Amino acid sequence: MRFNQLPTPVYVVDEERLKKNLEILRGVRERTGCKILLAQKAFSCYTFYPLISEYLDGCTASGLYEAKLSFEEMKGENHVFCPAYLDGEFDEIARICDHIVFNSLRQYEKFAPRAKGASLGLRINPEFSTQGGGIYDPCAPFSRLGITKAQFKYLPDGVRGFHIHTLCEQGAEDLAETLKAFEKNFGEYFKKLEWLNLGGGHHITRDGYDIKLLESEITRLSDKYGLQIYLEPGEAVALNAGYLHTKVLEIVKNGMDIAILDASAECHMPDVLEMPYRPPLKDSGKPDEKKYIYRLSSRTCLAGDIIGDYSFDKPLNEGDILSFEDMAIYSMVKNNTFNGMPLPAIAAKRGENYEILKTFGYSDFKNRL
């Protein structure tokens, strides 16, 4: 299949770009001895799990369903963390996961006796925010995520590791500062452990990321305390490795030109409205950067379903295909069928050829209601 044969809207995962990211991550593993896991909350397109398993050590899950997906489709370690486990699901989680992390001492006391054979850990809140608050900051005031120093009454005998997750699309500099606080408050326990999981949010495959600093911090922790270090990036695995191709359906005017697309921010790229952010778009510019300016929107009835304002070298026309970039992450895993909108197809790009991996229809909308 060639590009002009693709349906729209469609997510396309570029296998060569994915491999480029994986090669960078494999280099970090080989030079430091750390282990790197795919955080499925960012990217769960399991068609690519066999490829990813050639480079990484396994997956991390946020609950039973992600854990099952990893167990069924990925060769490697299977880790799970959940703020509160369901009693009826835990035995299956314990059967298929080799690392289980608990959010509180109470959760550990409740479920640890049922987790025979797994390596058990506790999530720690180092109370050191590098994000300045917001919905993605696990160290913001009143956070429910992780055990604070004041709450940490004792280290249970069966705990083998600590887990922290404090970053979001950040560099190694923020990790290094976080680790200072982490060690200051909890370092006395490190030599009693077997592993540290430094979570996700590490933008390792981004241009300009300080990989040498990351590797020096990993090596320092490993050498000083004799620990196995884990990282679990999600975005870094599939960063800039995906597209969302969409078609211009109509152009209306109301103070400016507004292009109605067959893709939706609300349904197909929810982080555009949730974060919010302006997604990159191939061959476009910022407003006023190029001659022709358009507001890109959707065919849903949500008035605020607006992707953003973009400029182009030439006018848009009905039938034109637009390609949003960096759409492998937090898109397929978060999309929805609000307003009865169809889900985009999913395709793989291999060289210049495309393969449709999955399509969706009315039953996908109906069967979830």
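1. Which strand and which helices each supply at least two residues of the lining of the largest pocket? In this predicted model, they are strand 3 (58-61), helix 8 (235-238) and helix 10 (271-274).

2. The largest pocket holds about 1100 Å³ of space. Its lining consists of 47 residues, and the closest to the centre are Lys41, Tyr136, His165, Cys168 and Tyr330. By class, the lining of the largest pocket has 22 nonpolar, 13 polar and 12 charged residues.

3. For the second largest pocket, the space is about 630 Å³. Here 18 residues form the lining, with Ser44, Tyr46, Leu69, Met332 and Val333 nearest the centre. The classes are 10 nonpolar, 4 polar and 4 charged.

4. Which helix gives the most to the lining of the second largest pocket? Helix 3 does, with 3 residues. Strand 16 (353-358), like helix 3, supplies at least two residues of this lining.

5. Helix 3 also takes part in helix packing. Helix 3 (residues 64-73) packs against helix 4 (residues 87-96) at an angle of about 30 degrees, and the axes are 10 Å apart. That angle makes the two helices roughly parallel, because angles under 35 degrees are counted that way. The crossing of helix 3 with helix 4 is left-handed.

6. On the helix 3 side of this packing, the residues are Leu64, Ala67, Lys68 and Phe71, and they meet Glu89, Glu92, Ile93, Arg95 and Ile96 of helix 4. The contact of helix 3 with helix 4 comprises 5 nonpolar and 4 charged residues, with no polar ones.

7. A further packed pair is helix 6 (residues 172-186) with helix 7 (residues 211-225): their axes come within 9 Å and cross at roughly 25 degrees. Helix 6 and helix 7 are therefore roughly parallel to each other. Helix 6 passes helix 7 with left-handed geometry at the crossing.

8. Which residues make the contact of helix 6 and helix 7? Helix 6 contributes Ala172, Glu173, Leu175, Ala176, Leu179 and Glu183, while helix 7 contributes Leu213, Leu214, Glu217, Arg220, Leu221, Lys224 and Tyr225. Sorted by class, the contact of helix 6 with helix 7 has 8 nonpolar residues, 5 charged residues and no polar residues.

Note on methods: Residues numbered from 1 in each chain as written. Predicted model: local features only at pLDDT ≥ 70, side-chain atom pairs only at ≥ 80, totals over all residues. Heavy atoms only, no water. Axes fitted to C-alpha atoms, helices over the stretch in contact; angles between N-to-C directions. Helix = DSSP H or I, 4+ residues; strand = E, 2+ residues; numbered from the N terminus. Parallel < 35°, antiparallel > 145°, perpendicular 65-115°, else oblique. Left-handed = near helix turned anticlockwise from the far one by under 90°. Contact = heavy atoms within 4.5 Å. Nonpolar A, V, L, I, M, F, W, Y, C, P; charged D, E, K, R; others polar. 1 Å grid on protein atoms, 1.4 Å probe; cavity = no way out; pocket = protein on both sides within 12 Å on 5 of 7 lines; lining within 4 Å. Points joined across faces, edges and corners; volume = space filled by probe spheres on them.
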